[in-house]
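Work through these exercises with the structure open. Try each task before reading its solution.

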Amino acid sequence: MEWETVIGLEIHAQLATRSKIFSSSATAYGAAPNTQANLVDLGYPGVLPVLNAEAVRMAVRFGLAIGARIARHSVFARKNYFYPDLPKGYQISQYELPIVAEGALEIVLDDGTRKRVGITRAHLEEDAGKSLHEGLPGVSGIDLNRAGTPLIEIVSEPDLRSAKEAVAYMKKVHTLVRYLEICDGNMQEGSFRCDANVSVRPKGQEKFGTRAEIKNLNSFRFVEKAINYEIERQIELIESGGKVVQETRLYDPDKGETRSMRSKEEANDYRYFPDPDLLPVELDESFIDVVRAALPELPDEKAARFVREYQLPEYDAGVLTASRELGAFYEEVVRRVGSEPKLCANWVMGDLAAFLNKDNLEIGNSKVDAAGLALLVARIVDQTISGKIAKDVFEAMWESGESADAIIERKGLRQITDTSAIERAIEEVMSKNPGQLADYRSGKDKLFGFFVGQVMKATGGKANPAQLNELLKQKLAG
Amino acid sequence: MTAPALPATTVAGLARGLAAGRWSSVELTQAYLARVTASQSELNAFVTVTAEAALAAAAAADAARAAGKASALTGVPIAHKDIFCTRDVLTTCGSKMLANFVSPYDATVVAKLAAAGTVNLGKLNMDEFAMGSSNETSFFGPVRNPWDIKRVPGGSSGGSAAAVAARIAPAATATDTGGSIRQPAALCGVTGIKPTYGRVSRYGMIAFASSLDQAGLITVSAEDAAMLLGAMSGFDPRDSTSVDREVPDYVAALDAPLAGLKIGLVREFFEKGLDAQCEQRIREAIAVYEKLGASVREVSCPNLPLSVPTYYVVAPAECSSNLARFDGVRFGHRCESPRNLNDLYSRSRGEGFGAEVKRRIMTGTYVLSAGYYDAYYIKAQRVRQLISADFARAFESVDLLLGPTSPTTAFEIGAKVDDPITMYLNDIYTIGANLAGLPGMSIPVGFADGLPVGLQLVGPHFSEARMLNAAHRYQLETDWHLRVPAAYA
Amino acid sequence: MSLTRKDIENIARLARLELAETEIPVYVDSLSKILDFVGELERAPTDGITPMAHPMPGLAQRLRADEVTETDAHQRYQRNAPQVEAGLYLVPKVIE
C-alpha cells in the first residue's frame with residue numbers, strides 16, 4: 001500500500017525580550033540556577049503577573065509578517081497540570097482567543113515548486129523551567145531561570161507531507177523570526193524548538209490517521225530524523241496489523257528513535273480557563289500600525305528584489321537572504337565593487353561561506369568583512385589578479401587579516417598582462433615539449449589544456465587567463 | 001479578660017490623642033499587646049504576635065511625631081489578617097500548608113499601611129485560605145466570638161472581626177471573596193468594608209479566588225474605615241487588575257447630609273430564610289435612614305438568589321488553580337520521604353490542606369474538567385453576567401442598596417461544620433457584590449438575643465465615599481458600633 | 001448529580017490530593033450535594049449571554065515596559081524551600 005504522511009508543527013520560539021513575560025527578571029541564558037527567578041517566576045503565594053509590552057509587540061510583528069489576522073481582543077488562559085518545572089501548577093498561555101490567527105508561509109520544495117503552509121495560530125505563553133538530573137542520584141534539581149521566558153507558539157496546519165517539507169518550513173520560520181529580531185534562533189540553547197504531530201494514512205484517504213506528538217525537537221537534523229523514524233514506525237505498525245495510539249513521544253538522538261513518554265502517560269485534562277489575574281489584551285489600530293511601520297524587508301521580498309535588481313538566480317537569492325546579516329553583507333560587497341553582482345554572489349556563497357563554515361563562524365564574525373571582500377573582487381574585475389589567484393589571496397586574507405592589495409603586493413601576485421612576457425613563456429613551454437606540440441598540431445586538441453597548465457606553472461599562475469588563451473591559440477596554430 | 005483598659009477605642013480617637021500628645025504610640029502599643037495576650041486563650045484571634053517589631057515601630061512613630069513628621073495614622077496600632085504577606089514574619093493563611101512560611105516580601109496593603117505610619121501588632125487568625133464562614137477551618141483552631149465564646153465570629157476574617165470587637169486591635173485588615181469581611185463584621189458587631197474590586201491591590205494577598213478577592217477593613221466605625229481605606233487604596237503596577245483611578249478623600253466626604261439619598265431594598269433579600277429578629281433590626285435601621293432624609297424604595301434583582309450556586313462554581317474553580325502552587329517544592333509543607341514525584345505532590349497536598357480546602361479544590365477541579373466546563377463553569381459565568389446586570393439596573397434608580405448582611409446572628413461553634421451547603425448559605429446576601437465587583441459594607445444595627453446584627457450596604461463601583469458617608473451618618477445617630485462585649489470593656 | 005467513589009478518586013488524582021480512606025465517603029457525599037446545589041444554575045435562561053470572567057467590565061490589560069529590575073535573591077527565596085542543593089530545588093527523580 002502507498003502511504004501519505006501528514007505533519008503539523010508546533011514551533012516554540014523564545015521572544016528576545018530583556019525581561020520575562022510576566023515579571024521583571026532577566027531572560028539571559030546560562031545564569032547560575034535560580035538566580036534569575038524572582039517571586040513571580042517562583043509562583044510565590046500572593047504574587048501576580050503583569051504583561052510585558054515588548055512580548056506583545058513581537059507577537060504582533062510575527063503575525064503581520066505571516067499575513068495573519070491580529071486579534072484586537074485576546075485572552076490569557078491557565079493550562080493546569082502538575083510538573084516540577086511548572087512552579088504555579090499552571091502555565092499562562094492563550095487558548096480560545098490567541099493574539100495571532102490564520103497566517104501562512106511559502107516554502108520551496110526540492111523540485112523548485114512553491115508550497116503554501118497554513119499557520120493556524122500563534123499565541124503568547126510562558127516557558128517552563130528545567131529539570132536537571134546529572135550528578136544528582138535519585139533526585140532531580142529544578143532550575144526556574146527559564147520559567148516565565150516569553151514564548152510564541154506557532155501552530156501550523158497539518159499541511160506538511162514529508163520530513164523534508166517539515167524542515168523546510170521550520171527553517172523558513174527560523175529565518176523569519178531572526179529577520180524580525182524577535183528570537184535569537186539559538187537552537188542549542190533551546191530558543192527555537194518544536195513539537196511535531198505525525199500521522200500516516202493510505203494515499204487518497206481523506207481522513208487523517210491517528211497522530212503521535214514528538215516533543216521538544218531542537219535541531220533541524222533531529223526534526224528530519226525523528227519524523228522519518230516515526231513515519232516508518234507507524235507504517236510498520238499498521239502493516240503488521242497494529243494500531244497507532246495517540247500519545248506523546250520523545251526522540252532519542254543517540255538511538256535515533258522515538259519512544260513513548262512515560263511521564264505523560266496519564267491522559268491530561270488541562271482544565272483551561274481564562275486567567276483571572278490578567279485582563280483581556282485589547283490592541284487598537286494605532287498600536288498595530290506602529291508595529292507594521294517598523295517591519296523590516298522580509299526574506300521573500302528581499303529574495304525577489306535580489307533576483308530583480310542583481311539578476312541573480314532564485315537559488316542564489318534564496319541563499320543570500322537566509323539571514324538579514326548575510327543579505328546586508330552581500331549588498332555591501334556589490335555596492336563597493338559597483339558591478340558583477342553574480343561574481344559577488346559566487347564569492348559570498350562560495351569561499352566566504354566555506355571559510356565561515358570551517359571556523360564555525362556566523363557572518364557577523366567573519367574574519368574578512370564586506371569591504372575586504374569587495375576589494376578582492378574588484379581586483380579580479382580590474383584584472384589585477386585572476387579568479388584562481390584570488391582564492392589564494394582570500395585564504396591569506398582570512399588567516400592574516402591583511403588587505404587583498406597588501407597580499408598581492410607582498411607575494412607579487414599581480415597578474416601578467418604584458419603580451420610579450422606571456423608570449424615568451426609560451427615559446428619556452430613549446431620548445432620544452434616538442435612531442436606534445438607535434439601531437440597537438442596533428443589534431444589532438446585536448447592537449448590545449450596541457451599547454452595552459454604548463455604556461456600557468458611557468459608564470460606562477462599569474463598570466464592573465466583570457467590573454468593566455470588568445471595568445472596560446474595563435475602560437476600553437478604555428 | 002483582665003487587661004489594661006484603653007484610653008480610646010477608635011482609630012480616630014487614638015489618632016487625636018496621639019496628635020495632642022495625650023499618649024504615645026509605645027503606650028498604646030503596649031496596652032493593645034497586653035490585651036492581645038490576655039485574650040488569646042479565650043478568643044484565639046491571633047496566629048502571630050509581633051510584639052518586638054511593633055514596639056520598635058511604635059518608638060519610631062513617636063520619634064517621627066517628635067520630629068514633626070507625623071501624619072494622621074502615625075503610631076496607630078493595627079493588625080493584619082494572616083492572608084497578607086508580611087516580610088520576615090510568619091504568614092500562614094490559616095493553613096498547615098504554610099505553618100512555617102516566612103514571607104520574603106510585604107503585600108502592597110501591608111507596605112502602604114506601614115508607610116502611613118501604622119504599627120502592626122501581628123497576624124490574625126482566619127479560615128484556612130479564607131475558605132469558610134465561621135473561622136472553624138483554621139489549622140490554628142477556631143476563633144471565638146467575643147459576644148459569646150461558644151459561638152463563631154463568622155469568617156473567613158474571623159480573627160479580624162473578633163479582635164476589633166474585643167478591642168484588642170483598633171482596626172484590622174481583612175479580605176472578602178464572598179462575604180468574608182462583611183459577615184464576620186455583622187456577627188461580631190463591628191464595621192466592615194469590602195471596596196470595589198481593583199480599588200485595593202491584591203499583590204501579596206494570598207489568592208483564593210482571584211476574580212472575587214478584595215482586601216478591605218474591619219474597624220469600630222465608618223470614620224476609622226475612611227481613614228485607613230484612603231491609606232491602603234490606590235493603583236498598584238504589580239496587580240494587573242488594580243484600577244488606575246484617583247483615591248478620593250474618604251474622610252472629607254463623611255459628613256455630607258443624606259437628604260435625597262435614594263435607598264433600594266432588594267426584595268429577594270427579604271423573601272425567605274432571614275431571621276425575624278434580624279429583619280426587625282434591619283427595618284429599624286432603615287427607619288433611621290428615612291429620618292435622615294433618605295428615600296426608600298423596593299428594587300428587584302431576580303437573579304440574585306442564584307448567586308450562591310454561581311459562587312460555588314466560580315470560586316472553587318479559581319481556587320483549584322490558585323492553590324496548585326502549593327506542591328511541597330519551593331515553600332510550604334512537604335511530606336516525609338516521598339516515594340516519587342506524584343507521591344510528593346499528593347501527600348504534601350493531602351497532608352497540608354484541611355478538609356474544606358480539599359473539598360473546594362476538588363469541586364473546582366471537577367467543574368473545570370473536560371466535559372463539565374461548559375455545563376458548570378461557563379454556565380456560572382453567564383449567570384454571573386445576569387447578576388451583574390441586575391445590580392446595574394438597580395443602580396439606575398437608587399444610590400445604595402440596603403439589607404441584611406447575614407440571615408442569622410452568630411451560630412454555635414460546630415453547628416454547621418458537617419453540612420457545607422448550610423454553611424455556604426451564610427453568605428447568601430454578600431456574594432452578589434463579589435460576583436459583580438461592587439463595594440459593600442456591614443455596620444452594626446443592634447442585637448438579637450444579645451448577639452449583634454449587621455446591616456449591609458452595597459453601592460455601585462467606586463462608591464466607597466458615598467457608602468462610608470451613609471454609614472457614618474447612621475453611626476452619628478446611633479451607638480451600636482460603640483458597644484463592647486462586657487468581658488472586654 | 002451523584003458522584004461515585006471512583007469519581008472522587010479521579011478528581012483527587014487530577015488535583016494531586018491524597019485522601020485517607022475515611023475521607024472518601026465524606027467527599028462522595030458532600031461533592032454530590034454541592035453539584036446538586038450548583039446544578040440549580042441549569043434552570044437559568046442564559047442564551048446569548050456572554051460569560052463574565054472578570055468583575056470590572058471594559059478594563060483592558062495594562063502593558064509593562066520591558067525592563068529588568070530584579071536582582072538575584074535566590075538564597076533568601078530558598079529559605080522556605082524544603083530541600084535545595086547548589087541552588088536547585090530538589091524533587092524525586094523526574095522520569096520523562
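**Exercise 1. The interface of chain B and chain A**

How many residue pairs are in polar contact between chain B and chain A?

Solution. Start with the ground rules. This is a predicted model, where local features need pLDDT of at least 70, side-chain atom pairs count only at pLDDT 80 or more, and totals for chains, interfaces and linings use all residues. Residues are numbered from 1 along each chain as its sequence is written, chains are lettered from A and ligands numbered from 1 in the order in which they are written, and side-chain values use heavy atoms, with hydrogens and water left out.

Step 1. Apply the rule: a polar contact is a pair of N or O atoms within 3.5 Å; within protein, one must be able to donate a hydrogen and the other to accept it, and residues adjacent in sequence count only if both atoms are side-chain atoms. The count between chain B and chain A is 16 residue pairs, both residues at pLDDT 80 or more.

Step 2. Find the helices involved (DSSP runs of H or I, at least four residues, numbered from the N terminus; strands are E runs of at least two). On the side of chain B that touches chain A, helix 9 (307-322), helix 10 (341-352), helix 11 (355-368) and helix 12 (373-397) of chain B each supply at least two residues. Helix 9 of chain B gives the largest share, four residues.

Step 3. Sort that side of chain B by class. It has 19 nonpolar, nine polar and eight charged residues. Here Ala, Val, Leu, Ile, Met, Phe, Trp, Tyr, Cys and Pro count as nonpolar, Asp, Glu, Lys and Arg as charged, and the others, Gly among them, as polar.

**Exercise 2. The salt bridge**

Which residue of chain B forms a salt bridge with D277(A)?

Solution. Look for a side-chain nitrogen of Lys or Arg within 4 Å of a carboxyl oxygen of Asp or Glu. Across the interface of chain B and chain A, the rule finds one such bridge. The partner of D277(A) is R202(B), with the closest N and O atoms 3.0 Å apart.

**Exercise 3. Strand 10 of chain A**

Step 1. Find the paired strands (at least two DSSP bridges between them). Strand 9 (residues 130-132) of chain A runs antiparallel to strand 10 of chain A, joined by three bridges. S131(A) has I142(A) as its bridge partner. Six residues lie between these strands in the hairpin, where G135(A) takes a positive phi near 75°.

Step 2. Cross to another chain. Four bridges join strand 10 of chain A to strand 3 (residues 88-92) of chain C, also antiparallel. V139(A) stands opposite P92(C).
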